[in-house]
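Welcome, and thanks for taking a look at this one with me. Below are some numbered notes to read alongside the model.

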Amino acid sequence: MLFEVWAPRAEDRVTLQCDGVDHALARDASRPGWWTGEAPASDGSRYGFRLDDGPPLPDPRSRRQPDGPDGPSAVVDHTAYAWRYSPPGRGLPGAVLYELHTGTFTREGTFDAAAERLGHLVELGVTHIQLMPVCPVPGTHGWGYDGVSLWAVHEPYGGPEGLKRLVDAAHGLGLGVVLDVVHNHLGPSGNHLPAFGPYFTDTHHTPWGAAVNLDAPGSDEVRAYLLGSALAWLRDYRLDGLRLDAVHALADTRALHFLEELSTEVDALGAHVERPLFLVAESDQGDPRTTTPRGAGGLGLHAQWNDDFHHALHTALTGESQGYYADFAREPLGALAKTLGHAFFHDGTWSSFRGRTHGRPVDRTRTPAHRFLGYAQTHDQIGNRAQGDRLSQTLSPGLLACAAALVLTSPFTPMLFMGEEWGASTPWQYFTDHTDPELAEAVRRGRRREFTSHGWAEEDVPDPQDPATRDRSCLDWSEPGRPAHARLLRWYRELIALRRGQPDLADPDLAAVRVAYDEGARWIAYRRGDLRIAVNLGDAPARLPLGGQAPHKVRVLAAWEPVSVPDEDGVLTVPAQGCVVLGDL
């Protein structure tokens, strides 16, 4: 079997240690920094690379780390898995995504256990599951954003075979699978890449330290490493898309931006396998060029998270105004109305949180709305709160229903966070399982220092290293059957079915969205084609002057509480903390 490794920092020699036997590798004369050689190996063979006189290190392109990030790598024969189902070939238009964390979606915290719950998601009506990162991390449990070995799968979840079984099961049920990948940094523990070559550079700095090297000397190989990893997930695991974490932290000054190169490669792979593959960016830049096609001067990614919609919705629901919510909290319904029709709230406007103007307008006539993901809750917006509290822990069932209506009838591609659909009472907290005692203590102290500076008592901030923190974050699958939770779940199912059955709700034309609102009365209403959505966040019934249509020509398609059609004057009465979708007869 051929083994090869890019190790320009090896001075004299690189030794492959495979199944306990040493094999000297030779320099590849045609590829500077590369070392290659043959050795007997098969699926499951353990191996590592010794650089000069150093200890064996895992392969940067390791497909499997059976003993964790610091252990030896293992050979994976991707042709050995017998796929049962073909990918359903579902693209982003018309999609409803469901973000889940493998380690807390079930108490068992494995791919196989998650697969057993896929029937619930089919009944819910979502089209894709979006897995949070699955690369190896220290210990057993973590969010996944401190992963290393960007081609490998976390072993406690089930390793490569377990991921394939989950993807296969999802495809068999008609569900697409999206994976969250992290290219902007690697975790602090188990990251051996710097020993091999200039994977990081001090030319730029990020919140995690030195930046991933995308534009300094040696960056050609680093970019190839990241591109190869992304394509391997889509090809070897038959995934349907990737979510790209915090792309604003990818520092790249080259003429061809890494993200443009990545989108080009993914589109080419999609054409080769003859099914749609897509990339969804997380970006806080408010820049529509992220998803503008390459031919029109953009980076060519297929969608991006829309935090502006989330922030406007969150402030309208909760009244919170701290930090980045401040700009939205001044007129939350006005902010929400703007995002519904323009995607971004900050489109060149002043941001008090940043102390500068921020964002760029979206060309509503050319940009389809499905290129933006809309959501009320995500892992970030829940887990980065001190106690990981969900909206369900502070809002009434009526306001939760209103949040669902605003997300699922919006012009954007909706995304739910696991358990949201039944108003899960379990929190989703920040947890880690660092095996390095010093790093574990530093994370613990840092977390508490961050929130005590905002007025929290130290004892009220969960210890990330305490196994109970992860355990509290696991979904309680007995809840969907309880009356209060079951009612909200039925509402989500009804709205998703309505979205699937009403073409107007899939209309990608942002410019066609018409919005009206009353900040004082706390209601908002908007048109999606021939449909009208009215949401009352207030504590008293609201009278909305819809006008324009005789009551006998309008019908109620969905309502959280009973609602009558508009009266003869075109006035619609919506109950307190209620919502309704109207359509033509």
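1. Let us start with a single contact. The side chains of Thr-432 and Gln-465 are joined by a polar contact of 2.7 Å. Please keep in mind throughout that this is a predicted model.

2. Where does Thr-432 lie? You will find Thr-432 in the loop that runs between strand E20 (413-417) and helix H13 (437-452). Thr-432 counts as buried because its relative accessibility is 9%, and the cut-off for buried is under 20%. Setting aside residues up to four places away in sequence, Thr-432 touches His-141, Val-443, Pro-464 and Gln-465.

3. With a relative accessibility of 2%, Thr-413 counts as buried. A polar atom of the Thr-413 side chain lies 2.9 Å from the backbone oxygen of His-370. Beyond its neighbours within four places in sequence, Thr-413 is in contact with Leu-92, Ala-95 and Leu-97, and also with Ala-369, His-370, Phe-372, Leu-373 and Gly-374.

4. Now step back to the whole protein. The model holds 15 helices and 27 strands. Along its principal axes, the C-alpha trace spans about 85 × 55 × 50 Å. Why look at the radius of gyration of the protein? A compact globule of 585 residues would have a radius of gyration near 25 Å, and the protein has 25 Å, so the two agree.

5. How much of the protein is buried? Of its 585 residues, 59% count as buried. The accessible surface comes to about 22,500 Å², and carbon and sulfur atoms account for 49% of it. If you take the contacts between residues at least 6 apart in sequence, 71% of them join residues at least 24 apart.

6. A word on charge. The protein carries 54 positive and 77 negative side chains. The centres of these two sets lie 4 Å apart.

7. Helix H10 covers residues 332-342 and is mostly covered itself, with 9 of its 11 residues buried. Those buried residues are Pro-332, Leu-333, Gly-334, Ala-335, Leu-336, Ala-337, Thr-339, Leu-340 and Gly-341.

8. His-183 is next. His-183 has its place in the loop between strand E11 (176-181) and helix H5 (193-196). The relative accessible area of His-183 is 5%, so this residue is buried. Leaving out its neighbours within four places in sequence, His-183 is in contact with Val-212, Leu-226, Ala-230, Leu-244, Leu-250, Phe-258 and Leu-262.

9. Is Gly-218 buried or partly exposed? Gly-218 is partly exposed, with a relative accessible area of 31%. Gly-218 lies in the loop between strand E13 (209-212) and helix H6 (219-236). Not counting residues up to four places away in sequence, Gly-218 touches Trp-6, Pro-198 and Asn-213. Gly-218 and Gly-33 are 185 residues apart in sequence, while 9.6 Å separates them in space, C-alpha to C-alpha.

10. Ser-149 is not a glycine, yet it has a positive phi of about 55°. Ser-149 sits in the loop between strand E10 (128-131) and helix H4 (159-172), and its relative accessible area of 9% makes it buried. Gln-577, which is not a glycine either, has a positive phi of about 50°. The loop that holds Gln-577 runs between strand E26 (571-574) and strand E27 (578-584).

Definitions and conventions: Residues numbered from 1 in each chain as written. Predicted model: local features only at pLDDT ≥ 70, side-chain atom pairs only at ≥ 80, totals over all residues. Heavy atoms only, no water. Helix = DSSP H or I, 4+ residues; strand = E, 2+ residues; numbered from the N terminus. Rg over C-alpha atoms; globule rule 2.2 N^0.38 Å. Buried < 20%, exposed > 50% of the residue type's maximum accessible area, 1.4 Å probe, protein only. Contact = heavy atoms within 4.5 Å. Areas by Shrake-Rupley, 256 points an atom, 1.4 Å probe, with all protein chains shown as cover. Lys, Arg positive; Asp, Glu negative; His and termini not counted. Charge placed at Lys NZ, Arg CZ, Asp CG, Glu CD. Polar contact = N/O pair within 3.5 Å; in protein donor to acceptor, adjacent residues only side chain to side chain.
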